[in-house]
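Welcome! Take a moment to turn the model around and look at it from several sides. Then let us walk through it together.

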Amino acid sequence: MDSTATDRFDTSRFEAGRNRLASLAYRLLGSAADAEDAVQEAFLHWQAADRQRIKVPQAWLTKVVTNLCLDRLRSAQARRERTVGAWLPEPLLDGDPMLGPADTFEQRESVSLAVLTLMERLSPLERAVYVLREAFSYSHAEIAEILDITESASQQHLHRARRRITAARRGGGEVDPATARRIVEEFLAAASSGRTERLVALLTDDATAISDGAGLAEKLLQYDTPQRIAAVVRAGFKPTPAKRRFAGGTPAIHYALVNGAPAILFVVGDQVVGAVTFDVANGRIATVRGIAAPTRLARLIEAWRQHEPDTPLITQW
């Protein structure tokens with residue numbers, strides 16, 4: 001095989017595993033854009049390597065991508081960007097290949113916005129061990145090889161990560177899709193009609209709400225009582241000419257799944273201008289996230305344009 005044919009073959013081997021590498025990087029970084037950058041950098045490493053000496057390409061590439069992500073998480077710039085109160089995971093529309101693998105509850109949970117947010121409380125190594133074990137089912141021996149640590153250290157990191165995430169997790173188990181949709185539709189109806197007492201009843205007693213202020217605020221806006229959340233939601237969901245001008249038109253509101261959780265999307269034409277996601281626990285809403293910063297919605301918008309949407313819940317907001 002000549003060098004051109006070899007390069008073509010090796011490129012195809014890399015591309016065959018690109019989605020898997022991207023889903024690993026997304027879980028580690030919580031950002032689709034950063035995940036894509038990490039995978040592209042791994043490709044450059046792959047091209048520069050003596051590939052004939054790489055016995056198991058998938059294992060080699062997994063190690064490269066994981067360590068590139070760890071370097072990113074440890075960098076001073078990343079620490080500034082991810083300061084508490086200023087960072088949210090980038091939401092992804094159902095069906096995005098970055099959300100895979102999704103065969104088990106643990107794999108699906110590891111890519112939820114709730115767990116991606118909780119993983120910010122972990123050290124980079126704890127986060128890497130948690131993702132490699134829970135989402136990709138690597139053994140502790142394999143994780144030790146990827147991260148250049150001992151098997152015992154891998155087990156300890158996993159124990160600490162599970163303990164911290166379990167302690168902060170709200171609710172348990174997966175929510176029936178029909179139930180989740182019904183609750184969100186009730187929330188939207190109450191928010192649109194101004195029935196704040198109904199909104200309060202739909203929220204857990206310890207509910208929280210987080211908004212990025214459409215990217216206009218330096219820090220995330222956070223609310224932590226059902227009454228305050230209901231008041232803010234009611235004000236936010238009340239359409240005004242100013243809001244429509246800011247959105248670029250009159251949005252339709254669609255139901256969708258985002259990172260496996262129920263969500264509503266505000267859509268003008270083929271442009272998603274805002275997303276509201278919900279964590280549902282025990283039949284009520286535990287967390288509301290409002291995301292409208294264009295940089296956070298870029299990949300979701302791209303996916304939506306290739307998506308065949310259902311009939312909107314509200315045709316003109």
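Helices and strands here are DSSP runs, at least four residues long for a helix and at least two for a strand, and they are numbered from the N terminus. Keep in mind that you are looking at a predicted model. By this way of counting, the protein chain has 15 helices and six strands.

**The whole chain**

A compact globule of 317 residues would have a radius of gyration near 20 Å, and the protein chain agrees with that, at 21 Å. Its C-alpha trace spans about 65 × 45 × 35 Å along the principal axes. Of the contacts with a separation of 6 or more, 66% are between residues 24 or more positions apart.

What share of the 317 residues is buried? The value is 46%. The side chains include 40 positive and 39 negative ones, with the centres of the two sets 5 Å apart.

**A strand with a partner on each side**

Now find strand β4, residues 261-268. Eight of its eight residues are buried, so β4 is largely enclosed by the rest of the structure. Ala261, Ala263, Leu265 and Val267 point one way from the strand, while Pro262, Ile264, Phe266 and Val268 point the other way. Both sets are buried.

Which strands pair with β4? One is β3 (residues 252-258), which pairs with β4 in the antiparallel sense. The other is β5 (residues 271-281), which also pairs with β4 in the antiparallel sense.

| Strands | Bridges | Residues between the strands | Residue with positive phi |
|---|---|---|---|
| β3 and β4 | seven bridges | two residues | Asn259, near 50° |
| β4 and β5 | six bridges | two residues | Gly269, near 65° |

Most residues other than glycine have a negative phi, and most peptide bonds are trans. Where does this model depart from that pattern?

Asn259 is not a glycine, yet its phi is positive, near 50°. This residue sits in the loop between β3 and β4. With a relative accessible area of 3%, Asn259 is buried, because buried means under 20%.

Ser137 is another residue that is not a glycine but has a positive phi, of about 60°. You will find Ser137 in the loop between α8 (124-134) and α9 (140-147). Is Ser137 buried or exposed? Its relative accessibility is 52%, so Ser137 counts as exposed, the cut-off being over 50%.

The peptide bond between Gly100 and Pro101 is cis, with an omega of about -10°. Pro101 belongs to the loop between α5 (76-81) and α6 (105-109).

Let us end with Thr11, in helix α1 (residues 3-16). Thr11 has 29% relative accessibility, so it counts as partly exposed. Which residues does Thr11 contact, leaving aside its neighbours within four places in sequence? They are Phe43 and Trp46. Gln47 is 36 residues from Thr11 in sequence, and the C-alpha atoms of the two are 8.1 Å apart in space.

Note on methods. Residues are numbered from 1 along each chain as its sequence is written. This is a predicted model: local features need pLDDT of at least 70, side-chain atom pairs count only at pLDDT 80 or more; totals for chains, interfaces and linings use all residues. Side-chain values use heavy atoms; hydrogens and water are left out. The radius of gyration is taken over C-alpha atoms; the globule rule is 2.2 Å times the number of residues to the power 0.38. Buried means under 20% relative accessible area, exposed over 50%, partly exposed in between (1.4 Å probe, protein chains only). Contact means heavy atoms within 4.5 Å. Lys and Arg count as positive and Asp and Glu as negative; His and the chain ends are not counted. The place of a charge is taken as NZ of Lys, CZ of Arg, CG of Asp or CD of Glu. Two strands pair if DSSP finds at least two bridges between them.
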